[in-house]
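Dear colleague,

Please find the structure below, together with a short account of what was found in it.

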Number of protein chains: 2
Amino acid sequence: MSELRKDPIVDRWVIVAAERGRRPSDFPSAQSQRTGSSGASCPFCEGNEGKTPPEIWAIRPDGSAPDTAGWQVRVVPNKFPALGIEGSTDRRGLGMFDLMSGVGAHEVIIETPEHDWSIGDDGPDTLEPVLRAYQLRLADLYRDSRFRYCVLFRNYGQRAGASLDHPHSQIIAVPIVPLRLKDKLAAAQQHYARKERCLFCDVINQELTLGDRVVLDREHFVALCPFAARFPFELAIFPKRHEHDLRLLDDLRRRALAEILSDCLHYLRSALGDPAYNYVVNTAPNPLPRPGRPGYWGTLEYDFHWHIEIMPRMTRIAGFEWGTGFYINPVSPENATAFLHERMAEEALDDQAETAG
Amino acid sequence: MSELRKDPIVDRWVIVAAERGRRPSDFPSAQSQRTGSSGASCPFCEGNEGKTPPEIWAIRPDGSAPDTAGWQVRVVPNKFPALGIEGSTDRRGLGMFDLMSGVGAHEVIIETPEHDWSIGDDGPDTLEPVLRAYQLRLADLYRDSRFRYCVLFRNYGQRAGASLDHPHSQIIAVPIVPLRLKDKLAAAQQHYARKERCLFCDVINQELTLGDRVVLDREHFVALCPFAARFPFELAIFPKRHEHDLRLLDDLRRRALAEILSDCLHYLRSALGDPAYNYVVNTAPNPLPRPGRPGYWGTLEYDFHWHIEIMPRMTRIAGFEWGTGFYINPVSPENATAFLHERMAEEALDDQAETAG
């Protein structure tokens, strides 16, 4: 029998159609499908720095000049930005309609000079400086009070919307707080008002007690298959300590996040055969500057609990989902968790055998 | 300069990135991509009636027996339903989580015996009985008070989630009112409480006055590119007369709806090169039976205004959209409308030339 489950944070129902329960091999077209753009013509490759707009920030261990080779992570403006940096954020009306200028920022974080890099043993070493770039760009963009929110995300594989193969993430700063974030914040705020506890912390603690959706349980972070996951093998990574804003992550825990994120991406790849995926960092919005008056967001933002959502693109979103905003998930989160655990156990055995041999 | 626009009904912002404005030929992979399941093995083809579960309803002009050839439209249960028909809709808790059994109905409306049928001059003749099937199945399913809502939709092409090429729609009855419908209803209710006018009627009237997003303006129906469209060439068809429930559509206006729906699908196909698309019928939820006490939904449902949303799948939904629930639309609704009007004018000229020749 399939089941309807409600997400306790977004108030959204999901159909978990367990009878349709399928093995990962039943999703033949989920592979990442590289676009095939070659290294030579790739604007993100080392040596092609002139093909991007001038860099905003980079890690250059050898102290090389901007826009030359020798970097480890490089942040550049998106050549085809969805939003432009200049302009005011005044809202206008057109009869019943609301509109405003498309003010914002759209940057690309090039994660490594290596075109064909993929998650392996060096995952944490590669991701740690990328996470540092996320934090620094977020901090810099939030200095501009026109930007109410920053979305940090990675599209991997054509099916997930990636137009270039070279490993990269994106950050988009927007002059509004998006509806989905507003909903999450409002739910957290209401929960806090009633219980004086964080909604996310309560969910995390309950999941750690129940156990059957916990994929990885580490000292500082936990990775879960959410109870009302929309997609097969959807994962979420939460800091165990209450923290509303990604900017607060310190060096020690940044390393720990690089490790758990790398492990999640590695096990998805290994268990599902290199699926396309999106991951998205959810962090608190930019506090509104309201001198002498603690603002609405100024209070609310501390009730948030930042997290990373990882969404493998195994299924196609069709009319039912678009029409209703609720989802059919053919793999229950418990089955997905068990399947990932099996894969982990197999890999651990292989490693032992190698060490013994 | 790109623009941020807010949907007046769902309170959702959309980035209209007009500078990225592209011609339909810039979306090379939007084609419907038939799955290639051949007529002989197709369970929806005439002669293969035994390959589906027993039919629920059919139009059989020659009075043939159920589950034999000779039908025009045929409704059967989905062989792999997302929800099962048996069970109670009691909600349960699991700590902080809510769940209920996956009770519902999932039916397929086979629109024509012809495997390779596509929108042409006979569009209205084929769609009219399909719309009648929509209305009758909706009426029948709403007799079951466990079903709070019915979603009627059509997935066309692999990219839009269709797994069989044979023309068909689906209806899914669910035991909850989905979030997106609730939001639309709440907005309509609030607007009515303030103005004593229908929110949708107000939007339609304003669009007819402004004119630059009106694709087709007919006696009984209007087709628009919505002001805050999420997708390139997204369309919406509204009845001009206020009507909350698809079941109220009479014979005369059913024919008119078949005509405007057929024309919308034809012009999208002709202008965009046979794109994959989803369309979804949005109608009022099932009124809760509450003898002697006019229910909450019982009031609210009349404030709804049914409509059909048509969503060509030209773009891929990526991390930004999943992370925020707001969308980047690279073609402004005004440009999309103008482009469709050009195509209509070209076709009218061709028709004239043919008639003259």
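What radius of gyration would a compact globule with 357 residues have, and what does chain A have? A compact globule would have a radius of gyration near 21 Å, and chain A has 21 Å, which agrees. The radius of gyration is taken over C-alpha atoms, and the globule rule is 2.2 Å times the number of residues to the power 0.38. The C-alpha trace of chain A spans about 55 × 55 × 40 Å along its principal axes.

Please note that this is a predicted model, in which local features need pLDDT of at least 70, side-chain atom pairs count only at pLDDT 80 or more, and totals for chains, interfaces and linings use all residues. Residues are numbered from 1 along each chain as its sequence is written, while chains are lettered from A and ligands numbered from 1 in the order in which they are written.

The elements of chain A

Chain A has 7 helices and 15 strands. Both are DSSP runs numbered from the N terminus (helices: H or I, at least four residues; strands: E, at least two).

In chain A, the axes of helix 1 (residues 123–142) and helix 4 (residues 251–272) come within 8 Å and cross at roughly 120 degrees. Axes are lines fitted to C-alpha atoms, for helices over the stretch in contact, and angles run from 0 to 180 degrees between N-to-C directions. Helix 1 of chain A and helix 4 of chain A are therefore oblique to each other (angles under 35 degrees count as roughly parallel, over 145 as roughly antiparallel, 65 to 115 as roughly perpendicular and the rest as oblique). On helix 1 of chain A, the residues that meet helix 4 of chain A include A:L127 and A:L131, and those on helix 4 include A:L261 and A:L265. Residues are in contact if their C-beta atoms, placed from the backbone, lie within 7 Å. This contact of helix 1 with helix 4 of chain A divides into 7 nonpolar, 3 polar and 5 charged residues. Here Ala, Val, Leu, Ile, Met, Phe, Trp, Tyr, Cys and Pro count as nonpolar, Asp, Glu, Lys and Arg as charged, and the others, Gly among them, as polar.

Helix 4 of chain B packs with helix 7 (residues 333–356) of chain B at an angle of about 90 degrees, their axes 10 Å apart. These two helices of chain B are therefore roughly perpendicular to each other. B:Y267, B:S270 and B:A271 of helix 4 make the contact with B:F339, B:L340, B:R343, B:M344 and B:E347 of helix 7. By class, the contact of these helices of chain B has 5 nonpolar, 1 polar and 2 charged residues.

How the chains are related

Chain B is superposed on chain A by a rotation of 180 degrees with 0.0 Å of shift along its axis (RMSD 0.0 Å). That is the relation of a two-fold axis. The superposition is by least squares on the C-alpha atoms of residues with pLDDT of at least 70 in both copies. In chain B, the C-alpha of B:I317 is nearest the axis, at 4.6 Å.

Where the chains touch, 59 residues of chain B are in contact with 59 residues of chain A. Among the elements of chain B that give two or more residues to this side are helix 2 (179–195), helix 3 (199–210) and strand 8 (149–156). The side of chain B that touches chain A has 33 nonpolar, 15 polar and 11 charged residues. Of the interface residues of chain B, 100% are also interface residues in chain A, so the copies meet through the same surface.

Yours sincerely

Technical notes
Contact = placed C-beta atoms within 7 Å.
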